[in-house]
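Please keep the sequence and the structure in view while reading.

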Amino acid sequence: MQMDYLIIGAFVLIGLVFTAATVMASNVLSPSAPSEAKGETYECGSTPVGPPWVQFRVGYYVYALLFLVFDIETVFLYPWAVAFGKPGLFILVEMVIFIAILAAGLAYAWKEGALQWR
Amino acid sequence: MSDVLSVILPVLAAVGLMLANGVVLIYMLRKVLGHLHLRVGPMHVGWHGILQTVADVGKLLTKEDITPTNVDKALFFLAPAAVFVPSLMAYAAIPFSETWSITSLDTGLLYTFAVLSLVPLGILMAGWSSGNKWALLGGMRAAAQQIAYEVPLLLSVLPIVMLSGSLDLVEIVAAQGGYWLGFVPRWFVLHPLGFVASVIFLIAGLAELNQTPFDMSEAESELVAGFASEYSAMKFGLLFLSEFSNSFIISALGVTLFFGGWTLPWIPADVVAKIGPVIFMLKTYIGIAVFMWIRGTYPRVRIDQLMSLGWKRLIPISLGLIMVTGIAIKVVETVRGVS
């Protein structure tokens with residue numbers, strides 16, 4: 001078990017080394033002739049207008065908030081789902097209450113128009 | 001020394017598998033899409049173009065690596081790593097057969113989803129740092145879409161966890177052994193509740209992968225190449241590689257959860273045990289071929305349609321499915337207990 005987590009740590013390290021190594025290898029193998037034209041932003045050949053970091057829809061932000069709520073609640077459901085095999089109805093009641101709260105939250109967001117893409 | 005090797009070798013094997021997957025899948029995509037469009041696809045490099053992607057890797061390695069002047073340098077260099085590392089890490093828990101998996105985590109399913117959910121972060125980094133409006137829009141779209149469909153993806157798997165009672169991918173496959181009515185394999189895709197879950201999994205998985213019909217993040221006709229527009233040479237190669245590798249991971253998860261993993265029905269268990277990894281790879285590649293078939297067939301949906309499908313249809317349906325599964329399991333338990 002401990003070994004498994006060591007391997008996962010090695011995954012992170014070797015992944016980083018691999019990315020660095022391939023990018024470096026391509027830098028060694030490839031020609032480099034930078035010019036002003038190559039450094040320009042590529043927007044289909046037309047000259048970019050205004051700053052690249054444009055203001056984007058506030059809708060993305062609302063979705064991000066909703067995602068945060070639902071993702072965390074989903075994580076809470078995982079241990080419950082593993083333990084579901086235990087006999088007895090209590091675990092089912094617990095789940096129904098939890099999912100009802102989740103669904104009420106979703107219904108509220110829906111009613112308030114947070115799920116509408118404008 | 002041997003301890004160090006036994007930690008490093010599995011990781012290197014995963015890197016090798018990922019590279020091989022990338023090379024094979026890109027060739028397969030071109031061929032499959034070509035034939036779906038009544039073209040022939042690559043034909044010139046090697047027999048039926050079989051060496052085409054190998055040549056492309058050579059090309060990417062020797063192309064000039066351009067860093068546009070307008071980029072946010074630190075993030076621009078970090079983004080390929082932030083996309084590549086999580087998709088490499090996702091190989092850690094995939095069970096190729098009963099004994100062939102890189103790690104045997106009790107929580108393999110949760111682990112795989114956890115690392116896959118790091119990918120949008122890298123994509124957002126790539127889009128933001130490029131200093132390009134198309135890239136920014138593509139990155140924002142990709143991130144919004146991946147987080148919107150991560151919730152139904154996670155929820156659609158819960159009925160399977162409840163039915164098998166484990167997050168360990170090996171045990172989930174083991175729970176699919178045996179037959180219903182004596183001849184129907186107990187794969188979860190053939191279970192009525194599991195079937196609904198598998199449909200949600202397929203839709204949400206395609207959206208997670210930014211695959212057609214949900215590929216607005218790199219809609220070629222609108223956004224050049226989306227978040228990857230400003231990337232060139234091997235940095236682009238890494239972004240591309242992890243995209244293909246992620247479709248392998250999602251397909252492998254689908255095979256494990258719904259199609260019995262490395263097992264085959266009606267064939268003696270000792271024969272199956274010998275060729276487990278081969279069966280697993282074949283099933284996974286068939287899954288990817290279905291993704292490509294969908295890619296060659298369906299038009300792109302609009303982003304508002306995508307969002308309402310995710311939030312207003314898939315999430316309520318999967319929440320309902322969890323309820324129904326819970327009640328069904330308890331009813332079966334009670335009936336069995338009484339009789």
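## A glycine in helix H6 of chain B

B:Gly139 lies in helix H6 of chain B, which spans residues 133-164, in what is a predicted model. With a relative accessible area of 0%, B:Gly139 counts as buried because that value falls under the 20% limit.

When residues up to four places away in sequence are not counted, B:Gly139 touches B:Ile123, B:Leu124, B:Gly127 and B:Phe227. B:Ile172 stands 33 residues from B:Gly139 in sequence, and the C-alpha atoms of the two are 35 Å apart in space.

## A lysine in helix H10 of chain B

B:Lys235 has its place in helix H10 of chain B, residues 233-258. Is this lysine, B:Lys235, buried or exposed? Its relative accessible area is 2%, and B:Lys235 is therefore classed as buried, the limit being under 20%.

The side chain of B:Lys235 is joined to that of B:Asp65 by a polar contact of 3.1 Å. Leaving aside neighbours within four places in sequence, the residues in contact with B:Lys235 are B:Asp65, B:Thr67, B:Phe76, B:Phe77 and B:Pro80, together with A:Val23 from chain A.

## Helix H1 of chain A against helix H10 of chain B

Two packed helices are described by the angle between their axes and the distance between the axes. For helix H1 of chain A, residues 2-29, and H10(B), the angle is about 145° and the axes are 8 Å apart.

On the side of H1(A), the residues that meet H10(B) are A:Phe18, A:Thr19, A:Thr22, A:Val23 and A:Ser26, while H10(B) contributes B:Ala233, B:Met234, B:Lys235 and B:Leu238. Sorted by class, this contact of H1(A) with H10(B) has five nonpolar, three polar and one charged residues.

## The overall form of chain A

The secondary structure of chain A amounts to three helices and zero strands, and from the N terminus on its elements run α-α-α. Chain A has a radius of gyration of 25 Å, whereas a compact globule of 118 residues would have one near 13 Å. Taken along the principal axes, the C-alpha atoms of chain A fill a box of roughly 70 × 50 × 15 Å.

Of the 118 residues in chain A, 34% count as buried.

Definitions and conventions. Residues numbered from 1 in each chain as written. Chains lettered and ligands numbered in written order. Predicted model: local features only at pLDDT ≥ 70, side-chain atom pairs only at ≥ 80, totals over all residues. Heavy atoms only, no water. Helix = DSSP H or I, 4+ residues; strand = E, 2+ residues; numbered from the N terminus. Buried < 20%, exposed > 50% of the residue type's maximum accessible area, 1.4 Å probe, protein only. Polar contact = N/O pair within 3.5 Å; in protein donor to acceptor, adjacent residues only side chain to side chain. Contact = heavy atoms within 4.5 Å. Axes fitted to C-alpha atoms, helices over the stretch in contact; angles between N-to-C directions. Nonpolar A, V, L, I, M, F, W, Y, C, P; charged D, E, K, R; others polar. Rg over C-alpha atoms; globule rule 2.2 N^0.38 Å.
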